[in-house]
Amino acid sequence: MGSAADEQRHLLAHAPLVKRVVRQLSSQMGGAMDREDMEQIGLMGLLDALRRYGGAPDERFAAYANLRVRGAILDELRRQDWRPRTVRQETHRLRDALRALTRRLGRQPSDADIARELGISNDALQAHRLAENAEMLVSFDEIVQELSNLPSHSRSPEAALMERRSLEQALHTLDEREQRVIQLYYEYELSLKEIAAVLGLTDARVCQINKGALQKMKAFLQDA
């Protein structure tokens, strides 16, 4: 890695990456952790990435560091049990109501249908959707991080190729709109609110699309 001065220089150079990850994750976590705390944890993840990389950062380092920073923040959220038990219970209630309504109505229930069934406001419903989506982000990120557990230069070309092909094949299980949402989220690092603006959809709809896409990809990668 070099001297402490080199380490500090690389940290400062890649600090904007931490801010982007924090901005993206904080919009999904509903204020579960203070943004400054997330940035501090993210910086520690960045430092860990620099030390694990085993050499001076090159053009491939940003993608590796992004996973490490996200992983560090999500690990801390899990450690703090960031979703209170009442939120988990409400999420289960939402899933049960959605299944029951779909059977009864014979169609996909609207948000108004679900809110009316549960006796909650639309804002409360969206909060539950964000909590559910955040849970899926955590579990999906674990799989992606397992695939990218070593820096790209430390993996054999064959292993790197297999990793890339696995993710590409998982993406191909998605429809066009799901692929676009995943691309905007992971490649362009937009928040769900920003994606909604780009695609002309509601935040809730993008949240649903993102969750469904992650479920499909997670299932494919686990079976691969």
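This is a short tour of the model, one selection at a time.

The model is predicted: local features need pLDDT of at least 70, side-chain atom pairs count only at pLDDT 80 or more, and totals for chains, interfaces and linings use all residues. Residues are numbered from 1 along each chain as its sequence is written, and side-chain values use heavy atoms, leaving out hydrogens and water.

**Whole chain.** Start with the cartoon. It shows ten helices and zero strands (DSSP runs, H or I of at least four residues for helices, E of at least two for strands, numbered from the N terminus). Of the 224 residues, 42% are buried (buried is under 20% relative accessible area, exposed over 50%, partly exposed in between, with a 1.4 Å probe and protein chains only).

**Core.** Select L25, L46, F61, V69, I73 and I195. In the largest nonpolar core, of 31 residues, these touch the most other members (such a core is a set of buried Ala, Val, Leu, Ile, Met, Phe, Trp, Tyr and Cys residues joined through side-chain atoms within 4.5 Å). Helices supplying at least two core residues each include α1 (4-28) and α10 (203-223).

**Salt bridges.** The whole structure holds ten (a side-chain nitrogen of Lys or Arg within 4 Å of a carboxyl oxygen of Asp or Glu). Select E7 and R51: their closest N and O atoms are 2.9 Å apart. E7 sits in helix α1 and R51 in helix α2, 44 residues apart. E7 is buried at 15%; R51 is exposed at 52%.

Next, select K216 and E178, a salt bridge at 3.0 Å. K216 lies in helix α10 and E178 in helix α8, so the pair ties together parts 38 residues apart in sequence.
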